[in-house]
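Subject: The model we talked about

Hi,

Here is the structure I promised to send over. Please have a look at it first, and then read on for my notes.

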Amino acid sequence: MSRRPYIRKVERNWWIRQPRYISYMIRELTSLFVGLYCALLAVGLVRLAQGPAAWDGFVAAFSSPLGVTFQLACLAFAIYHSVTWFALTPKAMPLRMKGEPVPGIVIVGAHYAAWAVVSIVVLIGAGM
Amino acid sequence: MARSNKPMLWLPFAGGGLVAALIIPVLILITGVLVPLGVLHLRYETIAAFAHNPLGKLIVLGAVALPAWHAAHRLRMTAHDLGLGSGIAIKAACYGTAWLLILAAAGALIAV
Amino acid sequence: MSETITLEVLRYHPETDSEPHFQRYVVPYRDDWVVLDALNHIKDNLDATLSYRWSCHMAVCGSCGMTINGEPKLSCHSFLRDYRGKVVRVEPLDHFPIERDLVIVMDSFMEKLGSVKPWLIPKVEKPLSAGEYLQSPGQMQVFHQYTQCINCLLCYAACPQIGLNEDFVGPAALALAHRYNLDSRDGGRDARAEVVASNEGIWECTFVGACSEVCPKHVDPAAAIQQTKISASVGWLKDLLTPGAHR
């Protein structure tokens with residue numbers, strides 16, 4: 001008998017095959033929007049360095065309908081990133097206290113608490 | 001096989017993922033919702049004063065640079081996932097863009 | 001007439017077939033039958049040429065992994081009642097070459113498994129007369145879940161990165177390396193790192209998490225790999241900050 005193993009090729013669209021791969025791909029694509037928003041922040045810093053008039057122009061640009069639409073898309077993906085990132089923290093960083101494992105929900109909860117604190121501090125700093 | 005230097009790429013990716021998760025949503029909430037609605041005003045003096053402070057500079061740079069690196073690294077992996085390859089062109093496009101943003105932000109923070 | 005269920009099985013005979021094709025079989029439906037029972041019915045009564053691996057019929061041996069309706073499963077652990085009224089599509093595990101019908105070639109995995117040295121490498125070798133390497137239940141608890149792996153390869157079939165890069169060491173082998181790294185009696189972390197922390201090791205993982213979802217023994221390879229990424233990064237930083245000093 002001769003051996004002739006058959007090798008199946010992985011399709012380029014492998015990730016549409018299963019819901020778990022689709023949600024993985026959405027999670028990975030959040031990085032596109034995080035990256036684009038970082039570009040907006042970098043442009044903002046450059047405009048800030050150019051003085052008050054340039055800064056006001058930047059504020060007007062990101063407040064335009066187009067700017068707001070773009071940022072709402074970024075916001076949706078950024079929140080998806082936060083939620084999925086925090087959800088995986090107990091796997092990456094399991095903690096033990098007095099020899100007992102800390103429940104995952106405590107680790108995730110601590111991240112949500114930190115998220116709330118950072119958000120409130122930034123809002124107060126921005127003048128809320 | 002030999003031990004990889006991937007931690008050089010991965011550590012800022014992981015740190016950037018955490019920083020992005022904590023700070024990017026509230027920043028977008030401010031610039032994308034509260035300021036356009038007129039609830040909040042980002043006056044030049046306030047922002048410039050924060051960016052003048054050395055600690056302020058560091059915080060702002062961290063909030064831009066780490067998430068930008070996170071995004072670049074993840075996009076590179078996603079390009080591989082999508083069968084777009086993992087050659088030098090993809091690496092240059094992803095990490096190069098991140099470096100461009102980081103250097104622009106750093107330059108602006110020094111100049112401001 | 002009593003109830004039946006249809007199985008669509010991927011067939012491949014290297015002597016005669018240029019590529020695999022599906023073949024349909026109609027078998028009796030029984031509430032307490034698993035897919036493996038249906039395959040055994042085919043083999044015994046309908047078509048003796050059908051090839052597949054199995055042994056224990058109780059989710060211990062890890063031999064009967066197959067793709068059932070698109071999902072990597074142990075066929076002894078998949079009840080027909082969960083597919084009632086549907087066609088059950090049975091294929092070999094993804095990401096492995098097909099030897100014949102549902103039998104895959106697993107040589108690549110056996111090589112990867114050995115390469116991570118999945119055995120105890122004591123910090124200091126003791127003579128037999130010095131007795132056992134002792135361990136407390138608490139120390140055992142730290143790695144216990146990773147000892148449950150039965151090498152069934154469902155995680156390799158579920159992992160997209162294995163599909164994209166066949167050289168990736170993969171979930172089960174990396175989880176077993178982690179199991180020994182976590183063992184209080186072990187001192188082999190550095191020896192394993194040559195493979196585990198290489199480019200084809202943990203760094204190929206993008207934390208899809210599918211490996212852990214499909215594991216029939218509730219092992220969490222995805223968690224093991226992320227933890228190894230963190231410890232490997234800490235080791236790398238230490239090497240960077242204290243050049244010359246060996247960990």
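Let me begin with the surface of chain B: its accessible area comes to about 5,000 Å², and carbon and sulfur atoms account for 76% of that. Please keep in mind as you read that this is a predicted model.

Staying with chain B, its secondary structure consists of 4 helices and 0 strands, so the pattern along the sequence, by the DSSP runs, reads α-α-α-α. The C-alpha trace spans about 55 × 30 × 20 Å along its principal axes. The radius of gyration of chain B is 17 Å, whereas a compact globule of 112 residues would come out near 13 Å. Even with that outline, buried residues make up 51% of the 112 residues in the chain. Of the contacts in chain B between residues at least 6 apart in sequence, 65% join residues at least 24 apart.

The helix I would look at in chain B is α4, which covers residues 88-111. With 24 residues, α4(B) reaches 33 Å from its first C-alpha to its last, close to the 34 Å expected at 1.5 Å a residue. Which residues of α4(B) are buried? They are Ile90(B), Cys94(B), Tyr95(B), Ala98(B), Leu101(B), Ile102(B), Ala105(B), Ala108(B) and Leu109(B). Within chain B, these buried residues pack against α1 (7-37), α2 (44-52) and α3 (54-81). They also pack against a helix of the partner chain, α1 (19-49) of chain A.

That brings me to the interface between these two chains. Chain B puts 51 residues into the contact and chain A puts in 49 residues. The area buried between chain B and chain A is about 4,200 Å², with 77% of it coming from carbon and sulfur atoms. On the chain B side, Leu22(B), Tyr44(B) and Arg74(B) lose the most area to chain A, and together they give 16% of what that side buries.

Chain A itself is assigned two parts: domain 1 takes in residues 14-77 and domain 2 takes in residues 93-128. The C-alpha centres of these domains of chain A lie 25 Å apart.

Now for chain C. Its secondary structure comes to 9 helices and 7 strands, and its C-alpha atoms fill a box of roughly 75 × 40 × 30 Å along the principal axes. Of its 247 residues, 53% are buried. Residues 24 or more positions apart account for 62% of the contacts in chain C with a separation of 6 or more. The accessible surface of chain C is about 11,200 Å², and 53% of this belongs to carbon and sulfur atoms.

Chain C is also assigned two domains, domain 1 (4-104) and domain 2 (107-241). Taken over C-alpha atoms, the centres of these domains of chain C are separated by 30 Å. Their contact takes 16 residues from domain 1 of chain C and 17 residues from domain 2 of chain C. Between them, the two domains of chain C bury about 1,100 Å², of which 70% is on carbon and sulfur atoms. Which residues of domain 1 of chain C lose the most area to domain 2 of chain C? Those are Pro72(C), His95(C) and Phe96(C), which together make up 47% of what that side buries.

Happy to go through any of this with you.

Best wishes

Methods: Residues are numbered from 1 along each chain as its sequence is written. Chains are lettered from A and ligands numbered from 1 in the order in which they are written. This is a predicted model: local features need pLDDT of at least 70, side-chain atom pairs count only at pLDDT 80 or more; totals for chains, interfaces and linings use all residues. Side-chain values use heavy atoms; hydrogens and water are left out. Domain bounds come from an automatic or database domain assignment. Helices (H or I, at least four residues) and strands (E, at least two) are DSSP runs, numbered from the N terminus. The radius of gyration is taken over C-alpha atoms; the globule rule is 2.2 Å times the number of residues to the power 0.38. Buried means under 20% relative accessible area, exposed over 50%, partly exposed in between (1.4 Å probe, protein chains only). Contact means heavy atoms within 4.5 Å. Accessible areas come from the Shrake-Rupley method with a 1.4 Å probe; for residues, only the protein chains shown count as cover. The expected span of a helix is 1.5 Å times one less than its number of residues. Buried area is the accessible area (1.4 Å probe) that two parts lose on being put together, summed over both.
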